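Please keep the sequence and the model open while reading.

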Amino acid sequence: MELLNQGSYVADRSLATVLFLALKLGRPLFLEGEAGVGKTEIAKVLSQTLGRDLLRLQCYEGLDVSAAVYEWNYARQMLEIRLGEATGDRPKEALGEDLFSDRFLIRRPLLQALEPHTNGPPVLLIDELDRTDEPFEAYLLEVLSDFQVSIPEVGTIKAERPPIVIITSNRTREIHDALKRRCFYHWVDYPNFDRELAILKSRLPDLPEKLTRQVVGFVQRLRKQDLFKAPGVAESLDWATTLVELDQLELSQGMVDDTLGILLKYQDDIAAIQGGEAARLLTQVKADLSQLRAD
């Protein structure tokens with residue numbers, strides 16, 4: 001928890017525990033949860049606080065080995081062939097072997113993560129794995145179990161020291177059990193009031209106290225509404241920053257209505273909250289905070 005606090009990441013004890021065990025035992029950590037709750041940020045904070053390189057593989061539909069692991073520099077290989085034919089100073093057999101040497105290999109994040117780094121094993125972030133296809137997910141099994149990849153023209157490349165692997169998923173689809181078994185697992189939930197308050201104070205120390213509490217209280221209330229997409233911690237931080245830029249010291253209904261697009265990303269959600277519902281939530285938040293002060 002101290003390590004995370006150094007990177008201004010406020011974690012609960014269960015997350016800190018599973019992260020400690022993943023680091024201690026050299027196991028990948030699979031983090032699942034709604035978008036914007038701070039899964040990706042954990043890898044960034046580890047990279048910063050441990051002084052390790054961060055290698056990020058952003059997943060998407062159609063991601064394949066050439067974009068994630070390696071590919072051959074075909075343009076340079078063709079140029080080498082042309083030069084060899086023009087000069088005629090090397091036999092074709094030797095030229096063919098040289099084409100698949102190390103200098104023609106383009107390393108992508110997964111292969112880079114297996115190679116030695118001067119400041120220790122890097123942090124490998126495989127972000128939003130649920131966006132990829134199942135064949136790529138199956139390919140990762142070798143990487144996550146043995147920390148190695150197989151390149152037909154070269155052979156097997158294995159890490160001398162395994163990287164720190166953080167995998168995230170927004171759960172738009174289920175990840176196969178075979179991959180989860182190779183990892184430690186943690187569900188990253190929305191923070192409660194006290195932890196979200198601590199997050200905002202850590203990240204935005206100059207935010208007025210009254211405004212900070214009102215922002216957290218309003219977002220906490222908002223998450224209980226029937227929304228298509230509830231705001232995450234990232235949206236809370238963005239909203240608080242926006243209100244400071246607008247020189248606000250406390251929330252008003254007009255300001256909430258004008259800035260709801262910072263918190264909510266779907267027009268139906270904005271339309272459902274804007275106006276009377278926003279006023280009702282704000283009244284409840286101010287009443288809750290007054291009661292807390294009285295207690």
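Predicted model: local features only at pLDDT ≥ 70, side-chain atom pairs only at ≥ 80, totals over all residues.

Residues are numbered from 1 along each chain as its sequence is written, and side-chain values use heavy atoms, with hydrogens and water left out.

**Ring contacts**

A search of the whole structure finds five aromatic pairs. Rings of Phe, Tyr and Trp (its six-membered ring) pair if their centres lie within 6.5 Å; planes under 30 degrees apart count as stacked, over 60 as edge-to-face and the rest as tilted. Two of the pairs are listed here.

| Pair | Centre to centre | Angle between planes | Class |
|---|---|---|---|
| Phe 30 and Tyr 185 | 5.9 Å | 20° | stacked |
| Phe 218 and Trp 239 | 5.5 Å | 45° | tilted |

Phe 30 belongs to strand 1 (residues 29–32) and Tyr 185 to strand 9 (residues 184–187), so this pair ties together parts that are 155 residues apart in sequence. Helices (H or I, at least four residues) and strands (E, at least two) are DSSP runs, numbered from the N terminus. Phe 30 is buried at 0% relative accessible area, whereas Tyr 185, at 38%, is partly exposed. Buried means under 20% relative accessible area, exposed over 50%, and partly exposed in between (1.4 Å probe, protein chains only).

The other pair also links distant parts of the chain: Phe 218 is in helix 11 (residues 209–222) and Trp 239 in helix 12 (residues 233–245), 21 residues apart. Both Phe 218 and Trp 239 are buried.

**The largest pocket**

The largest pocket holds about 430 Å³ of space. A pocket is an open set of points on a 1 Å grid over the protein atoms alone, where a 1.4 Å probe fits, with protein on both sides within 12 Å along at least five of seven lines; lining residues have an atom within 4 Å of a point. Its volume is the space filled by probe spheres set on the points, which are joined across faces, edges and corners.

Of the 23 lining residues, Gly 36, Val 37, Gly 38, Glu 41 and Ala 234 lie nearest the centre of the pocket. Helix 3 (39–50), helix 10 (193–203) and helix 12 each give two or more residues to the lining, and helix 3 gives the most, with four.

**Helix 11**

Helix 11 has 14 residues and reaches 20 Å from its first C-alpha to its last, close to the 20 Å expected at 1.5 Å a residue (1.5 Å times one less than the number of residues). Of these 14 residues, 10 are buried, so helix 11 is largely enclosed by the rest of the structure. Among them are Leu 211, Val 215 and Phe 218.

**Loop residues**

Most residues other than glycine have a negative phi. Glu 128 has a positive phi, near 60°; Glu 128 lies in the loop between strand 5 (123–127) and helix 8 (134–146) and is buried at 18% relative accessibility. Arg 171 likewise has a positive phi of about 60°. Arg 171 is in the loop between strand 8 (164–169) and helix 9 (177–180) and is partly exposed at 42%.
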